[in-house]
Amino acid sequence: MQDLDIRGIGMTSQRTRDRLIVTLREMGVVNEEVLRIMSLVPRHLFMDQALTSRSYENTSLPIGHGQTISQPYIVAKMTELLLSGSVPEKVLEVGTGSGYQAAILGGLVRELHTVERITPLYRNARELLYRLGYRNVRVHLADGSWGWEQAAPYDAIMVTAAPETVPEALKQQLAIGGRLVIPVGAENGQQVLQLIRRESEDSYTVENKEAVVFVPLLDKIN
């Protein structure tokens, strides 16, 4: 684990982060609290040191094991959707990956559970988030398509990998009135970002937001 140079220098400095925030505003992100948290979280610590000079570009980057750290615009947009209407108290994230999205959510919600199926990513994210001081984030090694039933129901769920169809287990772990933000679609086909609301015990509404590209949601722990 690299030393925690939170402030950064040069291409990882606060000035570089601030330029990214300007770009996100220009792309339509309007939630100022989301933008504030994103300006503070050191994205360069969540990736390999060889890529740190690109940390604050608005692009996805590889983190190993066939996974990526999401484009900052997508992180901001999904977080904004998750917070739409009200700030959820208890949240589940499916697909911890590098831990960057968890760090953003951890700065905004009271309690976050995040699950990762790839053991090295799980270990790295858990250690980094702890070293950064996140005591409201619980990282679990688990098959994300089944969520994390032990802490359900959740006020909101975010999924950072794309299933071909929405897993029923995740819908069932939503509280009544809860929100699910999830990319849906085949890896080599068209994927769409959906906002799903649980209106009652057996009633959901679905809004298609925009086209996206995510790695597939897989169901085995590695």
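# A friendly tour of a predicted chain

Let's start in a loop: His 65 sits between strands β1 (61-64) and β2 (67-69). The model you are looking at is predicted. His 65 has a positive phi of about 60 degrees, although it is not a glycine. Most residues other than glycine have a negative phi, and most peptide bonds are trans. With a relative accessibility of 47%, His 65 counts as partly exposed.

**The chain as a whole**

- You can find six helices and nine strands in the chain.
- The radius of gyration is 16 Å, close to the 17 Å that the globule rule gives for 222 residues, so the chain is as compact as a globular protein of that length.
- Along the principal axes, the C-alpha atoms fill a box of roughly 50 × 40 × 35 Å.
- Buried residues account for 55% of the 222 residues.
- Of the contacts between residues at least 6 apart in sequence, 56% join residues at least 24 apart.
- The accessible surface is about 10300 Å², and 48% of it belongs to carbon and sulfur atoms.

**Another loop to look at**

- The peptide bond from Ala 152 to Pro 153 is cis, with omega near 5 degrees.
- Pro 153 belongs to the loop between β5 (137-141) and β6 (154-159).

**A buried charge without a partner**

- Glu 93 is part of strand β3 (residues 90-94).
- Glu 93 is buried yet has no salt bridge, and the nearest side chain of opposite charge, Arg 43, is 12 Å away.
- Leaving aside neighbours within four places in sequence, Glu 93 has contacts that include Leu 105, His 113, Val 115 and Met 158.

**Charges that do pair**

- Side chains of opposite charge can pair when their charged atoms come close.
- The whole structure holds nine salt bridges.
- One of them links Lys 171 and Glu 168 at 3.8 Å, N to O; both residues lie in helix α6 (residues 168-172), three residues apart, about one turn of the helix.
- Lys 171 counts as buried at 18% relative accessibility, while Glu 168 counts as partly exposed at 44%.
- Glu 207 and Arg 197 also meet in a salt bridge (3.8 Å, N to O).
- Glu 207 lies in strand β9 (residues 203-212) and Arg 197 in strand β8 (residues 191-200), so this pair ties together parts that are ten residues apart in sequence.
- Glu 207 forms a salt bridge with Lys 209 as well, at 2.9 Å, N to O.
- Lys 209 is partly exposed, with 35% relative accessibility.
- Elsewhere, salt bridges that share partners join Glu 89, Arg 110 and Glu 111 into one network.

Conventions: Residues numbered from 1 in each chain as written. Predicted model: local features only at pLDDT ≥ 70, side-chain atom pairs only at ≥ 80, totals over all residues. Heavy atoms only, no water. Helix = DSSP H or I, 4+ residues; strand = E, 2+ residues; numbered from the N terminus. Rg over C-alpha atoms; globule rule 2.2 N^0.38 Å. Buried < 20%, exposed > 50% of the residue type's maximum accessible area, 1.4 Å probe, protein only. Contact = heavy atoms within 4.5 Å. Areas by Shrake-Rupley, 256 points an atom, 1.4 Å probe, with all protein chains shown as cover. Lys, Arg positive; Asp, Glu negative; His and termini not counted. Salt bridge = Lys/Arg side-chain N within 4 Å of Asp/Glu carboxyl O.
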